[in-house]
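Shall we talk a protein model through together, one question at a time? Here it is to look at first.

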Amino acid sequence: MIETVYLEKEIKNHPRADKIINRVNPKRVIEIERYQELFNLKSQSFRLQKNKPSLILAKKHGKFIHPIPEKYGIGGKENYYFSHLLNCPFDCQYCFLQGLYRSANYVLFINYEDFMEEISKKKDQETYFFSGYDADSLALEPKSHFVAEFLPFFESLPHSFLELRTKSIFTRPLINHQAIANCIVAYTLSPESICKEVELKAPPLHKRLKSIVDLQQNQWKIGLRFDPLIYVDNFESTYKNFFQEVFSKINLDLLHSVTLGTFRLPSSFYKPMKKQVKNQKLLAVLEKTPDNQYTYPPEKLEKLLHFCTEELLHYVNKEKVFLCQ
């Protein structure tokens, strides 16, 4: 339940803003000049706001698409991410957003057409666009209607591919729309025991798998994102059983790609996250690397990544597997 919506004055008469406010039906709407005046405040608690986030409706300025980091692609020639939304209703303890932002409030940029205009400039070449870098692509869909508006747009751009990264089970806008060849619904998945411990507020594994089955029955291409892999005691049996469960349900003919990556953080996010994360042991085992990352000690990292890669290749051709490390 979102009780408060903050609205930039510049867009207060925008039809999309009106529709979103009507869907949210908040107790109060407060006008502001720019979203940064709230979102970037120093004297606020990410952890407290996470319990009851507000929604900030804003207009995006500046760049609308950004190149993704090297080696984070899934086979495309050119790769970009875009963020129509900042922050997520789920509370995954490993999420880097807790170290990136001071605020847990949602920021929704409603000028979708400006994103579309920038994306369309790449329409003549094979290009992948990743949604869900700074948020979950589907979790706020009942309010934002982002997917409902972007699917027809990407349908008109056959050389442009959209990845919707999610843990959400809200799949109605996809089920109600005929599957399009250039959209990948990419689910982040973890073993059930890890979901319960560190993926707080997110749907459990069995519900995510049910959503994947439903989507594949409607011919949607699926991506599997085993990222981050979490090092736990007896990780071999945990992940072996996990992969067996996942691939007993997946239609491999509609599997677009699989990514693997172990838990890692930029060093600039590590200290802010330590102040926010409930599960402190998750961060306590990480070590700083020479390239200013925090991740598992080399021996643990190599064992975890090697084991999971070998297990995964029992089910999937290596051409579909991409390491994000």
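This is a predicted model: local features need pLDDT of at least 70, side-chain atom pairs count only at pLDDT 80 or more; totals for chains, interfaces and linings use all residues.

Trainee: Which strands lie at the edges of the open sheet of five strands?

Mentor: Start with the order, which reads β2-β1-β3-β8-β6, with mixed pairing. An edge strand pairs on one side only.

Trainee: Which residue of β8 stands opposite Ile56?

Mentor: Strands β3 (residues 55-58) and β8 (residues 106-109) run parallel and are joined by four bridges. Across from Ile56 you will find a residue of β8, Val107.

Trainee: What angle does the direction of helix α1 make with that of β3?

Mentor: Helix α1 (residues 15-24) packs on the sheet, where its contacts are β1 (4-8), β2, β3 and β8. Relative to the direction of β3, the helix direction makes an angle of about 170°.

Trainee: Which elements are included in what covers the buried residues of α14?

Mentor: Helix α14 spans residues 298-312, and its reach of 21 Å is close to the expected 21 Å. Its buried residues include Leu301, Leu304, Leu305 and Cys308. Residues three or four places apart in an α-helix point the same way, because there are 3.6 residues a turn. The cover over the buried residues of α14 includes β13 (221-229), α11 (235-247), β14 (255-262), β17 (293-295) and β18 (321-323).

Trainee: How much space lies in the largest cavity?

Mentor: The structure holds two cavities of 30 Å³ or more. Lining the largest are Ile2, Leu55, Leu85, Leu108, Leu140, Lys143 and Ser144. The space in that largest cavity is about 40 Å³.

How values were computed
Residues are numbered from 1 along each chain as its sequence is written. Side-chain values use heavy atoms; hydrogens and water are left out. Helices (H or I, at least four residues) and strands (E, at least two) are DSSP runs, numbered from the N terminus. The expected span of a helix is 1.5 Å times one less than its number of residues. Buried means under 20% relative accessible area, exposed over 50%, partly exposed in between (1.4 Å probe, protein chains only). Contact means heavy atoms within 4.5 Å. Two strands pair if DSSP finds at least two bridges between them. Axes are lines fitted to C-alpha atoms, for helices over the stretch in contact, and angles run from 0 to 180 degrees between N-to-C directions. On a 1 Å grid over the protein atoms alone, a cavity is a set of points where a 1.4 Å probe fits but cannot get out, and a pocket is an open set with protein on both sides within 12 Å along at least five of seven lines; lining residues have an atom within 4 Å of a point. Grid points are joined across faces, edges and corners, and a volume is the space filled by probe spheres set on the points.
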